[in-house]
2 protein chains.
Amino acid sequence: MRSEGRGRPRLEQSRRPGKTAREEILDAAAELFTNQGYASTSTRAIADAVGVRQASLYHHFATKDDILDALLAGTVDAPLKLAGELLLETGPAAPRLHVLIVSDVTQLCGSRWNLGALYLLPELRVDRFEQFRLRRAVLRDHYGNLARQVIAECDGPPDADDLPFRLVESAINRRSDDNGCPPEQPWMIADGALRILGWDRDFALMRQGTSTRLQIEPVNVSA
Amino acid sequence: MRSEGRGRPRLEQSRRPGKTAREEILDAAAELFTNQGYASTSTRAIADAVGVRQASLYHHFATKDDILDALLAGTVDAPLKLAGELLLETGPAAPRLHVLIVSDVTQLCGSRWNLGALYLLPELRVDRFEQFRLRRAVLRDHYGNLARQVIAECDGPPDADDLPFRLVESAINRRSDDNGCPPEQPWMIADGALRILGWDRDFALMRQGTSTRLQIEPVNVSA
């Protein structure tokens, strides 16, 4: 029998990305949750996929819900932090919203597993996930806040303030339908979100600014 | 024991909307799938919720997948038919896309259960649901077709043609997050989709035309 206690060196070669057993468990769980479904995945199946015993898995996560919660947190932590910073800055809101969207969609399209596909699961409605639901609601609120500023700046349609957040999350659906997003997805969505709020100025310049700030290679405006 | 064979009158008062046992089964299944999850719902639970024996349920649907398939078909049938008709019409594409979106979002927001929340389930990737996936892909293609015509008419951003379909389906997410959509949701999304394609003319007139055609009460432009 292999010994897999916490802190002990693993006897088997690691099969998954992740420097620690915890990261490997998260990666295996994300694969199973997104490919087989959350309800249909047992902690036993996760342990098997990592190559550890179930008891070892429980050293890291007490329940399957704890694993899902850690994975979901990983999808909102970075955009929430960036949105908080951007809201504190001054100047026009349009470039700040553009930066937030390009960064967020880049992450949603580029993460190893399409975890956003789990957002609508009824299983998330229980108390255990209240923290996650709250954090995603705060992120939505930050998007709405920036969007309302853009609308005010452009005299745009007042009731469109929820749509940028929706467009961003639609990358999850596209990724699911097409097994991936095209490289221009973040830029297309960021530009689209500004248009929807009534902003219609120099998109090439806007992309350049966002590219510089995020140090993400720019994708040229095709229009 | 109650007798519940096909065609026999039910001995128990119907508890659900739907004129036939089949409709009641679909309604109960939709409630359970959207509230408890697809994998977690047994055919036994569905039969119990309708108040029939499991054997009676099997007269109508051989498997749980058959029930889900019938429910999913109900979410794309009407927009697919309307989109097919609109594509055959002549004249500018913008009003036709606007009509399709208002009609589709009205249905997504107003149906008894938020079935679109099931679109991203990994369970849908099996062959059994290929027909549904195909029909949804055709609907997406029809949206893309109209969107490309609008882009051409307005000299809009060429890579934005998938976004109207995404915006429409985002009503599913909003409904899930807020336990419903505001009455202006279909109009807000239809206007937003046109803006994203570069259309920026008289939205009040556009809404009036769509309202007349669909015989849906207009919601006033707030801008």
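The following legends describe close-up views of a predicted model.

View 1. At their interface, 16 residues of domain 1 of chain A are in contact with 13 residues of domain 2 of chain A. The area buried between the two domains is about 1,200 Å², and carbon and sulfur atoms give 74% of this area. On the domain 1 side, the most area is lost to domain 2 by Phe33(A), Thr34(A) and Tyr38(A), which together account for 43% of what that side buries. One salt bridge is found across this interface of domain 1 and domain 2 of chain A.

**View 2. Salt bridges within chain A.** The side chains of Asp27(A) and Arg112(A) form a salt bridge with an N to O distance of 2.7 Å. A further salt bridge joins the side chains of Asp66(A) and Arg128(A), at 2.6 Å from N to O. This second pair links distant parts of the chain, its two residues being 62 residues apart. Asp66(A) belongs to helix H4 of chain A, whereas Arg128(A) lies in the loop between H5 and helix H6 (130-154) of chain A. Side chains of opposite charge can pair when their charged atoms come close. Over all chains, the whole structure contains 36 salt bridges.

View 3. Two or more lining residues come from each of helix H1 (21-36), helix H4 (64-88), helix H5 (93-110) and helix H7 (163-178) of chain A. By class, the lining of the second largest pocket comprises nine nonpolar, seven polar and four charged residues. Domain 1 and domain 2 of chain A each supply at least three residues to this lining.

**View 4. The interface between chain A and chain B.** Here 41 residues of chain B are in contact with 41 residues of chain A. The two chains bury about 3,400 Å² between them, with carbon and sulfur atoms giving 54% of that area. Eight salt bridges are counted between chain B and chain A. In one salt bridge, the side chain of Arg174(A) meets that of Asp162(B), with 3.6 Å from N to O.

Conventions. Residues numbered from 1 in each chain as written. Chains lettered and ligands numbered in written order. Predicted model: local features only at pLDDT ≥ 70, side-chain atom pairs only at ≥ 80, totals over all residues. Heavy atoms only, no water. Helix = DSSP H or I, 4+ residues; strand = E, 2+ residues; numbered from the N terminus. Nonpolar A, V, L, I, M, F, W, Y, C, P; charged D, E, K, R; others polar. Domains from an automatic or database assignment. Contact = heavy atoms within 4.5 Å. Buried area = accessible area lost by both parts, 1.4 Å probe. Salt bridge = Lys/Arg side-chain N within 4 Å of Asp/Glu carboxyl O.
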